[in-house]
Amino acid sequence: MRTASLLSFFLLMLYATLSVNAQSKVTKEITGTVTDTKGAAMSGVSINEKGTQRGTVTDANGYFKLRTAGRSPVLVASYVGFEDLEIKVGSQTSLAFTLQESTKKLEEMVVIGYGAQKRKDLTGSVSSIGADHMSLGGTVSNVGQAIAGRAAGVQVQQSDFSPGAGMNIVVRGGNSINTTNQPLYVIDGFTSDNGSYINPNDIENIQVLKDASATAIYGARGGNGVVLITTKKGKLGKMLIEADGSNGSQSLTYKPSLINGTQYQSIQNAIATENATTPPFNNSFPTANTNWYDLATRNATIENRSISVSGGDKTSHIYINGSYLKQLGVLRHTDLNRYSARVGADKTLSDRAKIGANVYAASSNSNIQKYSGDITAPLYSILTYGTNIPEFNPDGSYYRYLGKDNPMATLMAPTNTSTNKLINGNMFLDYDIIKHLTYHISVGGEFSQSTNGQYTPLSLVAGQANGGVAAEQMFTTERWLVEQYLTYKYSIGDHSLTALFGTTNQKDILQSLIAGSKGYSTDLFLNNNLGAGATAYPAPGSYKAEIKLSSYFGRLNYSYNDKILATFTLRDDISSRFGANYRHGLFPSGALAYRFTDEGFIKDSKVLSSLKARVSYGITGNDRIGNYAYLSTFTNYNTVLFNGSTLSTGIEPSGLANNNLKWESTAQLDFGVDMGFANNKINATIDYYRKKTTDLLLAVPVGQWWGFSSQTANVGSVLNQGVELGINTENVSTKDFSWNTTFNIAYNRQKALALAQSIAFISSTTANPSGVVSAQEFTRLVPGKELGVIYGYKYLGVIKTGDQHTTEPNAKPGDPLFEDLNHDGKITPDDRTWLGNTNPHWIAGFSNDFRWRGLDLSIFFQGAFGYNLYDMNRLVLESTTGTAVLDRWVAGTHENTSVPRQGYFLSTYGSYVNSRFVENASYIRLKQLSLGYNLPAGLVNRLHFFEGIRVYATGQNLLTITGYKGTDPEVNVHAGNNPVGGTLSGTAVVNGSVSNIAGGLDFNSFPAFRTYTVGVKLTIH
């Protein structure tokens, strides 16, 4: 009986197993499309068969295809920001359904420092930028270009337009005079000094932390704001391959108006005759008509290729991307080639443990030029060289005039390359120790290397004199970072609590090596064989520094009844950058918010749908000062010890120690209101902030009895205050058509509150514009003024024959006339005044996105208002080759003009910093116009392996509305590297670093251009 029972049980189990196996073999192919409530196709929607590992994602047309295991499967469709939807398939094989936008849209998670929060629970000021804004038609080479105009209060300005050029990003106005105002970059939890250079195609979203409540968790590095970058990760579903390729062309938006060779020769001879000197050109001179600017520039091309593989299941996700960017510069002999790759993966090991890793590598090489605001830059000679000089000799060699190389020779012949390599990565583990308590540890490293090589060939004057000159500079940085923290989350009743406590340890190693030689027998080696030179030149040099940072941080988030929100943060940084007396730095912050959404007046309102008020206050810092600035470091020094002795080698102190040196400190107060209208179809955020930065890092003049002229100390303060407004609207939402608008505008006003007692002012100087006139003071900072105010003379016009010009007794008719502001009867430096600020008071962005069936159109405008630039290019052109010289003052025949007789180079009172060249640079720019089309699903399905095909065309910098007449209103060449502080009894060098008061100069900047791009994106399953 027992045997029969066991046999019966066995047969029953076998039957059940066979039945299950038979059912599991039943397969059913289901196709369908997913749209939102507007009728727009939704790409990237996860479609999974409930209870199985089977799944896929929708393509660019919202189409999916899935082979299921059951006869009557249930599908689950999910997408961030939308309600999950379960679909009972039944006997259907083709589906069409709509996802509803989540009524709890504010439930979406936002990345913050060391964690994430629901958007509705944020108490700080955070701006978000999605992946759809990370690319501007394939021309974006860094993060700054992608976010320009996208976030309220974030100013992005290019120093030049050269391929791969860096961006100057400032959040809520600059805090510092002499240290960087750049924000801190954090990529997937790893802090990187190279964050702005990662491939924008890899980015999923960016969060810009702006107020102290959001940034204080980063302590001494959070004072300039924090940019959190989250890279793309694999999504649930089958593996997808996305290939994106685009090609584009670039053309100049500005060309200077130049005279021809005949005109130039005639004018130069006439000026010499007027000055009773010998005319430089006689009848036998081989006059040419050479437009050097046309020869030096071109219509350039750009190529962008990217391929990615992504996918995942319920426990694992992976994303792999490889990209290639090739950009030729519109200035000849400039280009950029960059290869990059990224791998991101995570694995859920159990209900309690999850691991992951992110690795990024990039390699780029460029041909570069010098774009500085001085006469050594190639663009200076391109703009000012005589247009009557030919480019070549009859034998094909470059023509020389008066023993000097012509502009094309100095542009094309030298070698000037830059090679950059970057690799960074981190691994992490999340482990739930007990219920509600999670432990996180991440370990990461970064290595970057920049190698610059130069060679001046024998064919150039300088190369011929030295037998060829080669040099190479190598700079490397290493960073090692270990971070770990505990997160405790607990809720009971109406109370919700999240507590965070962690530590971080970081070590940076910086090294440089410089070597060179001259005296080569051939140009073949370029800079690749320094040993082939006969003499070391310049002298070799090397440098190494180690910087350590250890920190403890904590944050407490509290919520009562989902209405009252509070955040408190404290960080203790221990930095080797600062003196022994201030090695520790404490940075606290607190924030409160109240959500009115459930209040009766909100529920009963037909207009207002959500409302939250925020207030925060906290202190953050800026520790990015020179290495070992608090120490009395040493440098080499050679001297003769006694008469007749040989040169002895030794060392000497290079700076005065200061054990009290510490970080710059920024205290910020923020009031904010977040509002939703018309069922959150209109969302608006407005913030008022006031931030005061104290303990500025400046070099203060000291008595010479110390053996030094200055000492780095914490002195002075700067105030920034302003208002930000951001609006997002859903204007039209129908089945076939949608229209969304995003608008942001911000106002910031800045002023210095105090400097050191021994410093009356801090100023910057320009380079000399001709090699004849010496450098002049360009900007000046005094308490009560903002950073970067142009300081100079007020221009009144040209002195005419017979005019009384007693204020300029040594001037001649035809010289420039300036205003005697102090009425002392003579023009002196005391007659200079404030001519215009170089930092915009207003910045704005305005985008409109339209969708009609498979078509999409995006229009994005960006603007800046209330600032000036100094058009120094115009100054030198009026004195040399610009068509304005045709309007120059000529005695008796042409005196009714504003152009002096020979520009500003040689006139006695021709100080070239004057109001004539200060121009209003406010502008509105059509930054991007993009049109795309997703091929219909029915057509794509006929092509095997393809799930989506998108074609697009993009234009960048298509139209600029401005009154500025120079190169471009966005240029920002720094005028000088050595700001000078005026003391009560003279002047002293304040700092050797680039000063933040010295921008706003348009001189020798890389030519601006517009870009047209076409491309195609393929999604392959």
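**Close-up views of a predicted model**

View 1. Ser609 has its place in strand 32 (residues 608–622). Helices (H or I, at least four residues) and strands (E, at least two) are DSSP runs, numbered from the N terminus. The model is a predicted one, in which local features need pLDDT of at least 70, side-chain atom pairs count only at pLDDT 80 or more, and totals for chains, interfaces and linings use all residues. Residues are numbered from 1 along each chain as its sequence is written, and side-chain values use heavy atoms, with hydrogens and water left out. With a relative accessible area of 19%, Ser609 is buried, because buried means under 20% relative accessible area, while exposed means over 50% and partly exposed lies in between (1.4 Å probe, protein chains only). The side chain of Ser609 reaches the backbone nitrogen of Asn680 at 2.9 Å. Not counting residues up to four places away in sequence, Ser609 touches Thr597, Ile602, Gly676, Phe677, Ala678, Asn679 and Asn680; contact means heavy atoms within 4.5 Å.

**View 2. Thr287 in a loop between two helices.** Thr287 lies in the loop between helix 4 (261–274) and helix 5 (292–296). Thr287 counts as partly exposed because its relative accessibility is 37%. The side chains of Thr287 and Gln265 are joined by a polar contact of 2.7 Å. A polar contact is a pair of N or O atoms within 3.5 Å; within protein, one must be able to donate a hydrogen and the other to accept it, and residues adjacent in sequence count only if both atoms are side-chain atoms. Apart from neighbours within four places in sequence, Thr287 is in contact with Gly261, Thr262, Gln265 and Asn388.

**View 3. The largest nonpolar core.** This core has 40 residues, and those with the most contacts inside it are Tyr293, Leu331, Ile382, Ile389, Tyr401 and Phe1006. A nonpolar core is a set of buried Ala, Val, Leu, Ile, Met, Phe, Trp, Tyr and Cys residues joined through side-chain atoms within 4.5 Å. Helix 4, helix 5, helix 6 (378–384) and helix 7 (407–412) each supply at least two residues of this core. Leaving aside neighbours within four places in sequence, the contacts of Leu331 include Ala296, Tyr371, Leu379, Ile382, Leu411 and Phe1006. Another core, of 26 residues, lies apart from the largest one, and among its residues are Phe778, Ile799, Ile827 and Tyr904.

View 4. Strand 29 (residues 541–560) and strand 30 (residues 564–575) pair in the antiparallel sense over 12 bridges. Two strands pair if DSSP finds at least two bridges between them. Tyr558 stands opposite Ala566 in strand 30. The hairpin of strand 29 and strand 30 has 3 residues between the strands, and in it Asn561 takes a positive phi near 60°. Strand 30 also pairs with strand 31 (residues 584–595) in the antiparallel sense, over 11 bridges. There the bridge partner of Asp572 is Leu586 in strand 31.

**View 5. Strand 43 beside strand 46.** In a regular strand the side chains alternate between the two faces of the sheet. From strand 43 (residues 789–792), Val789 and Tyr791 point one way and Ile790 and Gly792 the other way, and all are buried. Strand 43 is joined by 4 bridges to strand 46 (residues 833–837), and the two run antiparallel. The bridge partner of Tyr791 in strand 46 is Trp834.

View 6. The strands stand in the order 10-15-16-13-14, and the pairing is mixed. Strand 10 (126–130) and strand 14 (190–192) are the edge strands, each pairing on one side only. Strand 13 (residues 184–187) and strand 14 run antiparallel and are joined by 3 bridges. Tyr185 stands opposite Ser192 in strand 14.

**View 7. Confidence along the chain.** The mean pLDDT of the chain is 87, and 92% of its residues reach 70 or more. pLDDT is the predictor's confidence in each residue, from 0 to 100. Among the elements of the chain, helix 5 has the highest mean pLDDT (97) and strand 55 (residues 986–989) the lowest (28). Over residues 975–994 the pLDDT stays under 50, and the model has 58 contacts beyond four places in sequence for these residues.
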